[in-house]
Amino acid sequence: MTELFHRKTRAFVYGMQMRACQSMLDFDNLCGRETPSVAGIIYPFGSAKSAKLYWGTTETLIPQYQEVSKAVEAHPEVDVVVNFASSRSAYSSTMELLEFPQFRAIAIIAEGVPERRAREIMLKAKEKNVVIIGPATVGGIKPGCFKIGNTGGMMDNIVASKLYRPGSVAYVSKSGGMSNELNNIIAQTTNGVYEGVAIGGDRYPGTTFIDHILRYQADPKAKIIVLLGEVGGVEEYRVIEAIKAGTITKPIVAWCIGTVAGKFKTEVQFGHAGSMANSQLETAASKNKAMADAGILVPKTFEEIPEVLSEIYQKLLKSGEIVETAEPEIPKIPLDYNWARQLGLVRKPANFVSTISDDRGSELSYAGMPISEVFQQDIGIGGVVSLLWFRRLLPKYCLEFLEMVIMLTADHGPAVSGAMNTIITTRAGKDLISSLVSGLLTIGPRFGGALDDSAREFSNAFSKGWSPREFVDTMRKQNKLIPGIGHKVKSRNNPDLRVEIVKEFVKKNFPESKMINYAITVEDVTTSKKDNLILNVDGAVSCAFIDMMHSCGAFSDEEIKEYLANGVLNGLFTLGRTIGFIGHHLDQKRLKSGLYRHPWDDITYLVGEKL
Amino acid sequence: MSAKSIREFDGKALLAYFLPRSPIFGAPCTAEYPQLAPKLAQLRFSPDASESEIKEVFDKAQACYPWLTESGARFVCKPDMLIKRRGKSGLLGLNKTWEEVKQWVGERAGKTQQVEHVEGKLTVFLVEPFVKHDQKSEYYININSSREGDNILFYHEGGVDVGDVDAKASKLLVPIDLSKFPSDEDITSQLFQHVPEGQRSALLNFVKRLYAVYVDLQFTYMEINPLVVLETANGIEFHALDLAGKVDQTAEFECGPKWSIARSDEQLGKALKDESAVVTVDNGPPMEFPSPFGRDLTPEESYIADIDAKTGASLKLTVLNPKGSIWTLVAGGGASVVYADAIASAGYADDLANYGEYSGAPNEAQTYAYAKTVLNLMVRGDVYPNGKVLFIGGGIANFTSVGSTFKGIIRAFRDTKDEILKHKIRIYVRRGGPSWQEGLRLLTDAGNELKLPMEIYGPEMHVSGIVPLALSGKKFDIKPFGVTPSA
């Protein structure tokens, strides 16, 4: 029988497993293989494209297919599949793979394939003469030739256990983790692993100990066989029968783990689904004894495996059955960048810095406060704005103030520019985002911009030490209107209640309110000239906001200047008004309003006239 | 997840629903199977249930199952908790009126019972109609799975004294390829030689239907003993007087809906629906997989089983002896068994407190939860004069990151450091695999910082070498991690 795996073995990896594929390619490199072992990736849920992997230091493209038939058509030389499908789809995917005659070996990684399905896979595979490794396994490895998926781990382990070149010891085990341990033990006591297979921990593995041991028996390069069995199942007895029948003649070192099971009072299900003794025959102790009686080299305890192995190895070395060869030189495999970063071996400056929130941990956090605490402490919308905009949790009255501003600025009817824009865009049949953005785009110096402007003008006047009258006179001299002063309709006798709400809140809650007081006095001056030159809501909010930042003691003067200059008030207005714009969008949608066209008679056409 | 035992109640409910329905293999059956609501009453009590609770359970049962209070009706009552050989342990009430049943069950409900060397509380009972019959109408049937296929065992003399069935029973192997299901002639000649002629055809139909259910619902084991075959005026009736079954829990994604629908209130013919019931995944309650009698899952084991079910990684915990002084936190289904073996070899099997493993690359948070659970169990109760031992072990991992799993373990240490010191816990570590150096280094630093007594080894140490090192004083030539060998 030709070898199952060799230096030119080509395989498909079924499922999205970049890390495993890269691991296989790195192994190929270490072994000095000329071509990568992974010919293609089959992934039914992704679009067909190519995956970028490293072949040594250069990148290579491995094609990706959605259907097995397409992959098979493109790569008739592939005869191995490493199947990473989940336990729910492992059966159907494997049965499909078995329809294609070119495959000789399929490794099924998933744990949890129902027992009946595993038997059906086993039966069909036998009919088609395909070797199934698994399910519920990490796979196996043939040094110098091929590595199944994640077997053998990282390259440092491959190098330490000399798995990049063949030795003379072939093993078969149920456990993936323990087979990696065997790699280590064998490397330390002999000339190394020739081939190793982990058949998996389920009750009905596709191939069992005897299947692989017979392969090793038939392969002249395998000189010693190691069998790591387990409590549960009767597969070890089939090996004993084969020895008695003379089918197996090579020396076998074996041990069944799980000798402790008999010492428990009630039955304990160990980690592997198959490791439960259904009868006395299936206990580890019975099997160890039976194997020893049949002439298998069984140590007294698991810990003594290295001694027993070393002994038989030395014997075969002396007799000339095993000939040690010179160690080949190992190519240097560059460390994967992400892995090196994880190990702290390299560093590189990041392209971005972000300081307000962190989504990487087990819990989302805003400025360091975990999201659960955000709710536990009931900090509200104001609190969230405080954390994400200012990176600190301001006192309660500030949070309430922020929320109040958002509520006050939420909407100002359909007639204002922004709302009108939104309405017209919605009526043009556009989506929410487009309609919202259309409204937001009107926010600027004339609409919504009064907040920023009045903050700038008032604080400028205040910091220069101008009296309210001086401020008003200076602005008049410069022919500038005072942003934050003036209203179309409202006046002293018919006040804007929004402003009253702000003034009330400041009076009641702020420890100091120099700016608002200044602004109110400015209003005294301006309203003496004209009744409607009241402090409007923009002026009130921006002055109160400045007061908030000063009074809470959480900001330096420098910071306050910077925040205002960077547009935090603009941000507040935008945040609040978004509520209204979305409202208008939904409203128009609800009304199923049609496309808007402005009436001609409301436009003065001066086309072609000299202006 | 693997093959797990189910209660007799659940097994019988599945049969009642699916015997008439599951698709048959081989030649079609010659007669229909009656679709009847089963008469099965499950009674559940709290451990140490009060008299008033017991009465409440009976009252509710009477309302749910009107057939319990039919005049002249007689019943069988027994605990339904995966206890074997109940008849021999005096745990079987036969031919009782409903009043007598209440008496019998009431005496045992919620109370401790010793069965062989295990003790537990009797909390779940099954009440069914008593089937009057002759000894000679008791048969034995068993279906079990093996690598070659499914084995059907049949013996014409069933009952509690059936003896060694393996030796006596007639056997039939059903191959895995069900298109090769044996012919009616083969089945009859293999199994029913000692059965009266008049019953063979009905028995054939029944066995084929039984096998159909076995396959359809992915049983891995089913034993009916005795199977009572009654020749009545209406034809031949089959009664499974006792049923032990195991189904493949990994098949839940395929069979879950089937397992559920057979046990819904409607199918069970309940007159009183459970209004408070939560919304279930399928049209009926999820299948129950009870722990072996006397081995209820502790809150900690349930917690870990929950996490295990939600991830592709594997996390398993079984508390063997909560008062034990030797605890393990081992990675891998194989290595964890090797450690248990080594601890038993050293003579400490009775002191071994837990069996468990984590593998398949659990993340830091999952490993933290796992380690924290084990540590919490370790620091419960009294301080032992000789302290306790914790083995943090494992092989050389293939792809589990030692670095991130150990970070989880370290975090658990930080949370419990005072108790660890108080309970004089000595910690021994051996591990290899991806980023093992980082993992061991972080652990060493944490140990120094938290002043925890730790001996740490990398892959140079034999996989379970730290066990004889800790328990038998064995000496090794290998230096602990981070210690440079002296010149």
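Which residues does Gln42(B) touch, not counting residues up to four places away in sequence? The legends below start there. This is a predicted model, in which local features need pLDDT of at least 70, side-chain atom pairs count only at pLDDT 80 or more, and totals for chains, interfaces and linings use all residues. Residues are numbered from 1 along each chain as its sequence is written, chains are lettered from A and ligands numbered from 1 in the order in which they are written, and side-chain values use heavy atoms, with hydrogens and water left out.

View 1. Strands here are DSSP runs of E with at least two residues, helices are runs of H or I with at least four, and both are numbered from the N terminus. Gln42(B) touches Arg7(B), Phe9(B), Tyr65(B), Val124(B) and Phe125(B), leaving aside residues up to four places away in sequence; contact means heavy atoms within 4.5 Å. With a relative accessible area of 18%, Gln42(B) is buried. The cut-offs are under 20% for buried, over 50% for exposed and partly exposed in between, using a 1.4 Å probe and protein chains only. Look also for the polar contact of 3.0 Å between the side chains of Gln42(B) and Arg44(B). Such a contact is a pair of N or O atoms within 3.5 Å; within protein, one must be able to donate a hydrogen and the other to accept it, and residues adjacent in sequence count only if both atoms are side-chain atoms.

**View 2. Helix α3 (residues 90-97) of chain A, mostly covered.** Six of the eight residues of this helix are buried: Ala90(A), Tyr91(A), Ser93(A), Thr94(A), Met95(A) and Leu97(A). Their packing partners in chain A are β1 (11-14), α2 (68-74), β5 (80-83), β6 (105-108), α4 (115-127) and β7 (131-133).

**View 3. Two cis peptide bonds, one ending at Pro135(A) and one at Pro226(B).** Omega is near 5 degrees for the bond from Gly134(A) to Pro135(A), and Pro135(A) sits in the loop between β7 and β8 (140-142) of chain A. The bond from Asn225(B) to Pro226(B) also has omega near 5 degrees, but Pro226(B) belongs to strand β11 (residues 219-232) of chain B.

**View 4. Positive phi at Ala361(B) and Lys451(B).** Ala361(B), not a glycine, has a phi of about 60 degrees. Its loop runs between β16 (354-359) and α10 (364-378) of chain B, and Ala361(B) is partly exposed at 32% relative accessible area. Lys451(B) has phi near 60 degrees and lies in the loop between α12 (436-450) and β19 (454-457) of chain B. At 63% relative accessibility, Lys451(B) counts as exposed.
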